[in-house]
Amino acid sequence: MPRTENDIAIVGYAISPLVRRTEDTETLMMLPTVQGAIKSAGLTKDDIGFTVSGSCDYLSGQAFSFVSNVDAYGAWPPINESHVEMDGSFALYEAFVRLLQGDIDTAVAAGVGKNSNSDPSTLYTIEMDPYYLTPLGADPWSLHALQYQALLESGKATERDVAEVVARNRAAAKDNIHAQVSGDFDVDELLAADYIRQPLRRHDLPPTTDGCAAVVLARGKRAYDLCERPAWITGIDHRIEPHLPTLRDLTTSVSTTQAAKGAGAGDGPIEVAELHAPFSYQELILRESLGLDDQTLVNPSGGALAANPVMVTGIIRMIEAARQIMENGKRRTLAHTTSGPCLQQNLVAILEGDA
Amino acid sequence: MSHQPVAVVGVGQTHHKRRRGDVSIAGLVREAAERALEDAGMDWGDIDAVVLGKAPDLFEGVMKPEMFLADALGANGKPMFRVHTAGSVGGSTGIVGSHLVGAGRHKRVLSVAFEKQSEGNAQFALGGGKGGSIGAGGAFAPFIRAYIRRSGAPEDVGWKVAVKDRLNGAKNPYAHLKLADITIEKVKESPMMWDPLHFLESCPSSDGACAVVFTDEDGAKKAPNPPAWVLATAMKSEPSTFAGRDPVSPKGAHMCSQEIYDQVGITNPREQIDCAELYVPFSWYEPMWLEAHDIAARGEGWKMTDSGATALDGDFPVNMSGGVLSSNPIGASGLLRFAEAALQVRGMAGDHQVPDAKLAIAQAYGANAQFYAMWAVGSTQKPLG
């Protein structure tokens, strides 16, 4: 299908080192990453029409943490800029909508997260309903153990299926220079490991990661000026579900199915899907909710089990799905992001390359 | 721009108070949203997407509260988006919502912004979550002193803004402060907070929320009340501090309004714009913004205040709602400005209505006076003919 001036593509990107702990601030992680993404598209900061980032005050441990990150953009003279308290993939969504206003044709979206500052088991309790759930100390390990247990009891998957997800992602991650966790693991040995919250084992959890990633978007013809093979975003949608896990069927992800429909995922075959499944068993729920079969290669990067810089993991999925088109000649790929407890909120994007 | 026309057809806000102990955070946002839906003649099921804005999560101590507010805002099964651009966030929340309609992504979008400051310690959070916060007044007072020295403005200009905005607020049923008996003398005699700012020249700390419903041209035709057309939007950011920046009259503020004027075709803001809601948390910001936004010449903004031009019955009314000086739920304050501008051009501003307002602008700013969000709204799509 010929592209129009309302078509928008990923034309450049950069990913910072993804590490257990960096001494750099968010701003220091962002500066080379944002400027690197801009450079990868052959642009300079003055060429960019709109800049937007995603980050979270509670991860960096201070209010207004994103304010100093403006220094990473070289925001002088003043720039068109925005910020979301969401994963960078949602920043990308705002940039996408901003480009559709029609007055600019390039944008940068970034995500940054300094996860090493906090203890996830205490931090994520305050992401819950403050009146009913936070006081219970409902931490992510407990909540996700409940979801995993529900999946087992539904008969849709076994612990062995889940261990195979871990082994496959870690093996795939051997080829990913950004992976923190990779290697060959024996499924029986994984199954012999102790539980931390039954049925969750330590290897079912994502690593703690500091990192940043940025993409450059271009609209219409401009994309071809900046990139030999742009990754066109032919569909993008996101949906949310009720907050209380008890109000949802945890063995499926309705909002993922809705977002995939909105993004037009079913309009053609999907060669590669990069799924944001920070807890191993979630990959199985997402595969089913997206209707993916064996024809689709899932998480060749190793996914969130290889590196999980919260607020960045989703936009990295977007980059990995775009790389399959820009660099590996694929025609149609899918990128997914999740947010909130037990897959509460999900974003799906479909990327396509020209024939 | 190639986007399609966007209309505001619903505006709602809470009664703002020091402490809204009668509602949870969810109850607070729902109160504003229900009023906006009622104004728009819509029900929850009519809304296609929800955009939520608020200032730092540390204010209430809830990380990413949009997750648990999805239920209260009827967002289940829909897209829900969370914006955070410091003090300008309320404005950004409106702009992002309007763009979703303008881009043709959705037909009806609900933007909601809130702050429930009584649930936490805003002063602590304003200091970045570290001890020893100087607060917003402490941060802005040096810029204000520099403005006074540059412009030679007499000291009573700030007091006049404080009185004017509180008298406007007394006409607004939703305002937190209703100080109908305020006088210049009372402002002057109130305790000095951050020289030259007295207590009564400072914004309150409020619980409150604001909601706006956006729709397209077709939706506007079906709306029960007159629409406000979103004529222009702009967001600008600049670094917090560096040697080349003028924090008294920031370049970002100037560029932001210029972009609005260019989109609407405004060449003489003072003459062509009927009224303005500007983010004035401390009295002196009224003349400072009048200058930064080229409504008055440099050094002349205080003369507009001094002459009464910015009063409700003046030739360029500013902060008809009572402004941030009368209600300040921080995350919502920007959207309250945007919403009041819309109410004015819809002719629905009640006792604080500017007669026959056809073109209004609204502004919000944030952090170290470095983030700007503005829009212009009109009673028609071409209020300048």
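Asp165(B) and Lys164(B) are both buried, where buried means under 20% relative accessible area, exposed means over 50%, and partly exposed is in between (1.4 Å probe, protein chains only). You're working with a predicted model, in which local features need pLDDT of at least 70, side-chain atom pairs count only at pLDDT 80 or more, and totals for chains, interfaces and linings use all residues. Residues are numbered from 1 along each chain as its sequence is written, chains are lettered from A and ligands numbered from 1 in the order in which they are written, and side-chain values use heavy atoms, with hydrogens and water left out.

**Exercise 1. Find what joins the side chains of Asp165(B) and Lys164(B), then look for a salt-bridge network in chain B.**

Step 1. The two side chains meet in a salt bridge, at 2.8 Å from N to O. That term means a side-chain nitrogen of Lys or Arg within 4 Å of a carboxyl oxygen of Asp or Glu.

Step 2. Now for the network: Arg20(B), Asp22(B), Glu31(B) and Arg35(B) are joined into one by salt bridges that share partners.

Step 3. Over all chains, a search of the whole structure turns up 46 salt bridges.

**Exercise 2. Work out what surrounds the side chain of Lys114(A).**

Step 1. Start with its place: Lys114(A) sits in strand β4 (residues 106-114) of chain A. Helices (H or I, at least four residues) and strands (E, at least two) are DSSP runs, numbered from the N terminus.

Step 2. Check its cover. Lys114(A) counts as buried because its relative accessible area is 8%.

Step 3. List some neighbours. Setting aside residues within four places in sequence, Lys114(A) is in contact (heavy atoms within 4.5 Å) with residues including Arg21(A), Met29(A) and Leu59(A).

Step 4. Look for polar partners. The Lys114(A) side chain has a polar atom 2.7 Å from the backbone oxygen of Thr22(A) and one 3.3 Å from the backbone oxygen of Asp24(A).

Step 5. Asp210(A) forms a salt bridge with Lys114(A), with the closest N and O atoms 3.7 Å apart. This pair links distant parts of the chain, since Asp210(A) is in strand β7 (residues 210-219) and the two are 96 residues apart.

**Exercise 3. Is Asp87(A) buried or exposed, and which backbone nitrogens does its side chain reach?**

Step 1. Find Asp87(A) in the loop between β3 (81-84) and α4 (88-99) of chain A.

Step 2. Asp87(A) is buried because its relative accessibility is 6%.

Step 3. A polar atom of its side chain lies 2.7 Å from the backbone nitrogen of Ser89(A), and the side chain reaches the backbone nitrogen of Ile315(A) at 3.0 Å.

Step 4. Asp87(A) also touches Met311(A) and Thr337(A), among others.

**Exercise 4. Compare the cover of Glu320(A) with that of Arg323(A).**

Step 1. Both residues lie in helix α13 (residues 313-326) of chain A, three residues apart, about one turn of the helix.

Step 2. Here's the rule behind that: an α-helix has 3.6 residues a turn, so residues three or four places apart point the same way.

Step 3. Glu320(A) is buried because it has 5% relative accessibility, while Arg323(A) is partly exposed because it has a relative accessible area of 28%.

**Exercise 5. Describe how helix α11 (residues 285-292) of chain B is covered.**

Step 1. Eight of its eight residues are buried, including Tyr285(B) and Trp289(B).

Step 2. The cover includes α5 (135-151), α9 (251-264) and β10 (359-366) of chain B.

**Exercise 6. Describe where chain A meets chain B.**

Step 1. Count residues: 56 of chain A are in contact with 58 of chain B.

Step 2. One salt bridge is counted between the chains: Glu127(A) and Lys64(B) meet at 3.0 Å, N to O.

Step 3. Which helix gives the most to chain A's side? That's α4(A), with six residues.

Notes
Polar contact = N/O pair within 3.5 Å; in protein donor to acceptor, adjacent residues only side chain to side chain.
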